[in-house]
Amino acid sequence: MKHTIIGLAAAAAIAISGTAQAQNNITLGHTLSPQSHYGVGAKAFLATLEEVSGGTWTGTEAAAGQLGGERDMIEGLQIGSLDLVITSTGPLGNFVPEVYSLDLPFLFRDYDHARKTLDGEIGQELLESIGEHNLIGLAWSENGFRHVTNSVRPVTTPDDLGGLKLRTMENRVHMAAFEEMGAAPTPMAFPELFSALQQGVVDGQENPITVIKASNFWEVQNYVSLTGHVYSPAVLLVSPLLWDGLSDEEKGWFQEAAAASVAATRAEVNRLEEAGVALLQENGMEVITEIDKAPFRDLAEASYSVYTDQYGSEMVDRIKAVE
Ligand code: EAX
């Protein structure tokens with residue numbers, strides 16, 4: 001919420017500068033460690049906001065799921081108990097079904113394709129869709145291409161997924177895709193995942209290299225298969241209760257901060273993708289790099305109907321056509 005805290009220091013600053021502006025402190029939540037690509041993006045957001053607002057807006061990063069999983073935090077934005085979230089699209093389709101169009105497996109060819117789509121007309125339209133569901137979508141950020149990890153066997157074909165209890169995000173498209181590919185999908189909030197892997201509640205999970213590193217999943221997972229089965233967008237969401245109280249100038253500051261956050265996160269994703277395979281190996285994981293994606297893709301395609309049954313395939317075709 002927009003808190004007005006004019007403490008002694010602020011009062012002194014006002015006396016010195018002569019500008020009687022209130023100071024506002026926001027809370028920015030995310031599920032990953034402070035050192036992660038989200039942490040880097042969170043710090044860039046808060047530093048930029050403070051700078052462009054002349055210190056009238058400051059914020060606190062609530063990292064590592066300390067305010068709950070991504071679904072909980074999105075609900076927090078809607079009721080105003082939280083100001084801003086950097087989240088994957090994992091649970092977002094439950095609130096904004098149009099966004100499932102981005103979660104379809106094997107849709108984006110590479111990072112370039114995904115970033116161009118999200119920075120262009122389609123990304124803008126989907127931010128507007130978010131705005132129709134009691135949330136404000138500020139900007140698309142990034143999580144990364146997701147890969148399957150597990151502690152049972154090296155996965156090279158869909159057959160190898162057979163019977164594996166695989167944690168997925170709370171996302172109907174992803175659950176359908178893994179069911180089609182032969183796994184036993186188990187949806188779960190991210191903050192519960194590490195201990196679920198450790199205790200063998202699930203055998204595996206799927207996440208980008210960025211997240212595997214940020215969460216030290218190599219401590220509880222032996223194998224990673226570079227399936228790259230789906231691109232995982234992230235998005236900066238704001239509480240409408242905060243947003244609606246901002247002036248146009250303040251909204252501009254938030255937009256500038258969001259742009260800085262996205263740039264910082266993408267740069268960190270690039271860095272981690274380059275370091276990627278070696279990093280996983282150094283930490284003891286067996287990395288299966290040679291994967292024939294065709295059989296995974298053929299099976300996963302049936303999950304498209306979760307989206308297309310409601311919205312048709314126009315958006316899918318438009319995304320594919322982005323060069
Ligand atoms: O957004 O839930 C997940 O697997 C996400 O990739 C993670 O929370 C980062």
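Ten residues surround the ligand: Thr31, Tyr38, Glu70, Ser88, Asn143, Arg146, Arg167, Met169, Phe190 and Asn207. This is a predicted model. Tyr38 places a polar side-chain atom 2.7 Å from a ligand oxygen atom. For Arg146, the distance from a polar side-chain atom to a ligand oxygen atom is 2.9 Å.

Now turn to strand 4, residues 136–150. Of its 15 residues, 15 are buried, so strand 4 is largely enclosed by the rest of the structure. What does strand 4 run antiparallel to, joined by twelve bridges? The partner is strand 8.

Strand 8 spans residues 223–238 and contains Ser232. Is Ser232 buried or exposed? Its relative accessibility is 1%, so Ser232 counts as buried. Buried means under 20% relative accessible area. Beyond its neighbours within four places in sequence, Ser232 is in contact with Ser88, Glu142, Asn143, Gly144, Arg146 and Met169. Some of these names have come up already: Ser88, Asn143, Arg146 and Met169 are among the residues that surround the ligand.

Next, go back towards the start of the chain. Strand 1 covers residues 24–29, and strand 2 covers residues 57–62. The two pair in the parallel sense over six bridges. One of the bridge pairs is Asn24 with Trp57 of strand 2. Between the two strands, the chain passes through helix 2, residues 37–52. This β-α-β crossover is right-handed.

Helix 14, residues 314–321, has two sides to compare. Its buried residues are Met315, Val316 and Ile319. Seen down the helix axis, they fall within an arc of 105°, so they line one face of helix 14. On the other side, Glu314 and Ala321 are exposed. What covers the buried residues of helix 14? The cover includes helix 4 (111–119), helix 5 (121–131) and helix 13 (305–311).

The loops deserve a look as well. Most residues other than glycine have a negative phi. Phe106 is not a glycine, yet its phi is positive, at about 55°. This residue sits in the loop between strand 3 (84–88) and helix 4. With 15% relative accessibility, Phe106 counts as buried. Asn134 also has a positive phi, near 60°, in a residue other than glycine. Its loop lies between helix 5 and strand 4. Asn134 is partly exposed, with a relative accessible area of 41%.

A last stop is Asp292. Where is Asp292 found? It is in the loop between strand 9 (286–288) and helix 12 (294–300). The side chain of Asp292 reaches the backbone nitrogen of Ala294 at 3.2 Å. Asp292 and Thr227 are 65 residues apart along the chain. Their C-alpha atoms are separated by 8.4 Å.

Technical notes
Residues numbered from 1 in each chain as written. Predicted model: local features only at pLDDT ≥ 70, side-chain atom pairs only at ≥ 80, totals over all residues. Heavy atoms only, no water. Pairing = 2+ DSSP bridges. Helix = DSSP H or I, 4+ residues; strand = E, 2+ residues; numbered from the N terminus. Right-handed = clockwise from strand over helix to strand, strands pointing away. Buried < 20%, exposed > 50% of the residue type's maximum accessible area, 1.4 Å probe, protein only. Arc of directions from axis to C-beta. Contact = heavy atoms within 4.5 Å. Near = heavy atom within 4 Å. Polar contact = N/O pair within 3.5 Å; in protein donor to acceptor, adjacent residues only side chain to side chain.
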